[in-house]
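Subject: Structure for you to look at

Hello,

Please find the structure below, together with its sequence. My notes come after it.

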Amino acid sequence: MQPFRKLLEHTFKLNVPFLNLDDIIKGCIKGDLKQQELLYSVLRAKMFGICLRYSNNKTEAQDVLHDGFMTLFASIKNYRGEGHFEAWASKIFVYQCIKANKKWELKKSGNEINESDFEQNVFDDSIFNILS
């Protein structure tokens, strides 16, 4: 599995003992920045690919990637361990891309965006229950 090879290489670069994905997820739930960095390094390339497919350009994809990781770290406590973690994370990024595209379309059409309404409509707690 390619992501875990990258994880192993990155683990040695950071000079931390070898960790498995479950340990990283538990660390992220606790807010451990090293664990978040490890998870970011494992998922970054794949999630950036998702963001590029949904975005108009690389800059927009980078913005969505950032927002996606913020959402991922904020919602990782909702991951129940059912199914593959990468698939769960991918769904978060897809939804983040859809949300960003809706915002960009509203901006292009000249409509005013009410951020609080938009956040509630696109990402309420029920979406993370579906993803888990």
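This is a predicted model: local features need pLDDT of at least 70, side-chain atom pairs count only at pLDDT 80 or more; totals for chains, interfaces and linings use all residues.

Residues are numbered from 1 along each chain as its sequence is written, and side-chain values use heavy atoms, with hydrogens and water left out.

Confidence

The average pLDDT (the predictor's confidence in each residue, from 0 to 100) of the protein chain is 80, and 69% of the residues score at least 70. Helices here are DSSP runs of H or I with at least four residues, numbered from the N terminus. Helix 4 has the highest mean pLDDT among the elements, 95, and helix 6 (residues 115–122) has the lowest, 50. For residues 120–125 the pLDDT is below 50; beyond near neighbours in sequence, this stretch makes 6 contacts (heavy atoms within 4.5 Å) in the model.

The core

In soluble globular proteins, nonpolar side chains tend to be buried together. A nonpolar core is a set of buried Ala, Val, Leu, Ile, Met, Phe, Trp, Tyr and Cys residues joined through side-chain atoms within 4.5 Å. Buried means under 20% relative accessible area, exposed means over 50%, and partly exposed is in between (1.4 Å probe, protein chains only).

The largest nonpolar core has 28 residues. Those touching the most other members are Leu39, Leu43, Met47, Phe69, Leu72 and Phe85. Two or more residues come from each of helix 2 (21–30), helix 3 (33–54), helix 4 (58–75) and helix 5 (85–109). Leaving aside neighbours within four places in sequence, Leu72 contacts Leu39, Leu43, Phe85, Trp88, Ala89 and Ile92.

Aromatic pairs

How many aromatic pairs does a search of the whole structure find? There are 6. Rings of Phe, Tyr and Trp (its six-membered ring) pair if their centres lie within 6.5 Å; planes under 30 degrees apart are stacked, over 60 edge-to-face, and the rest tilted.

The Tyr40 and Phe69 rings are tilted, because their planes are at 55 degrees, with the centres 4.7 Å apart. This pair links Tyr40 in helix 3 to Phe69 in helix 4, 29 residues apart. Tyr40 is partly exposed at 31% relative accessibility, whereas Phe69 is buried at 4%.

Phe69 also pairs with Phe93, edge-to-face, at 5.0 Å centre to centre and 70 degrees between the planes. Phe69 is in helix 4 and Phe93 in helix 5, so the pair ties together parts 24 residues apart in sequence. Both residues of this pair, Phe69 and Phe93, are buried. Ring pairs join Tyr40, Phe69, Phe73 and Phe93 into a cluster.

Salt bridges

The structure has 2 salt bridges, each a side-chain nitrogen of Lys or Arg within 4 Å of a carboxyl oxygen of Asp or Glu. One is between Glu86 and Lys46, with the closest N and O atoms 2.9 Å apart. Glu86 is in helix 5 and Lys46 in helix 3, 40 residues apart. Glu86 is buried at 12% relative accessibility, and Lys46 is partly exposed at 43%. Glu82 and Arg80 also form a salt bridge, at 3.9 Å between the closest N and O atoms.

A buried glutamate

Glu60, in helix 4, is buried with a relative accessible area of 17%. Not counting residues up to four places away in sequence, Glu60 touches Ser55 and Trp104.

Regards
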